[in-house]
Amino acid sequence: MEAYKRWVRRNKDYVHSLESLANGLTWCLPERFSASELGAEAVTAILGVITAINEHIIETTPAPTHEDPPEPSSFPYGLCISTVKDLETLIEVAAEHFYGEAKKWNFVAATEGIK
């Protein structure tokens, strides 16, 4: 994980370009996904989570000093909320697909409660 963090921190612009490219390519998903929103939402949610993780890594880049490294920060609540937010639409679409319109609201309420 540390190697990935170093790579992301060194290649911020490249990471942002790759994320933009991947988001743009979601418009080119194959026709088999057009029958259901589930495939497109899954891809979008996964890309959103990856983007949130990369942003968190970039934002928590330690300052180059000669002092002792600071203690690790507390639990990354912002990252968790971003992840749940990105997964929220996917959960709603999946719940509607598998459980129907009426029962999806239980999953939506649970997701909102977690958020």
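With which residue does Lys 104 form a salt bridge, and how far apart are the closest N and O atoms? Please describe the surroundings of this pair as well.

Guide: This is a predicted model. In it, Lys 104 forms a salt bridge with Glu 92, and the closest N and O atoms are 3.2 Å apart. Lys 104 lies in helix 5, which covers residues 104-114, whereas Glu 92 lies in helix 4, so the pair ties together parts that are 12 residues apart in sequence.

The accessibility of each partner may be considered next. Lys 104 has a relative accessibility of 5% and therefore counts as buried, since the limit for that class is under 20%. Glu 92, at 26%, counts as partly exposed.

Lys 104 has a further partner. Its side chain also meets that of Glu 101 in a salt bridge, with 3.7 Å from N to O. Glu 101 counts as partly exposed, at 44% relative accessibility. These residues belong to a network of salt bridges that links Glu 92, Glu 96, Glu 101 and Lys 104.

The whole structure holds 6 salt bridges. One of the others joins the side chains of Glu 112 and Lys 115, at 3.6 Å from N to O. Glu 112 is partly exposed, with a relative accessible area of 39%, and Lys 115 is partly exposed at 37%.

Helix 4 also takes part in the largest nonpolar core, which consists of Leu 38, Ala 45, Leu 90, Val 93 and Ala 94. Helix 4 provides the largest share of this core, 3 residues.

Definitions and conventions:
Residues numbered from 1 in each chain as written. Predicted model: local features only at pLDDT ≥ 70, side-chain atom pairs only at ≥ 80, totals over all residues. Heavy atoms only, no water. Core = buried A, V, L, I, M, F, W, Y, C linked by side-chain atoms within 4.5 Å. Buried < 20%, exposed > 50% of the residue type's maximum accessible area, 1.4 Å probe, protein only. Helix = DSSP H or I, 4+ residues; strand = E, 2+ residues; numbered from the N terminus. Salt bridge = Lys/Arg side-chain N within 4 Å of Asp/Glu carboxyl O.
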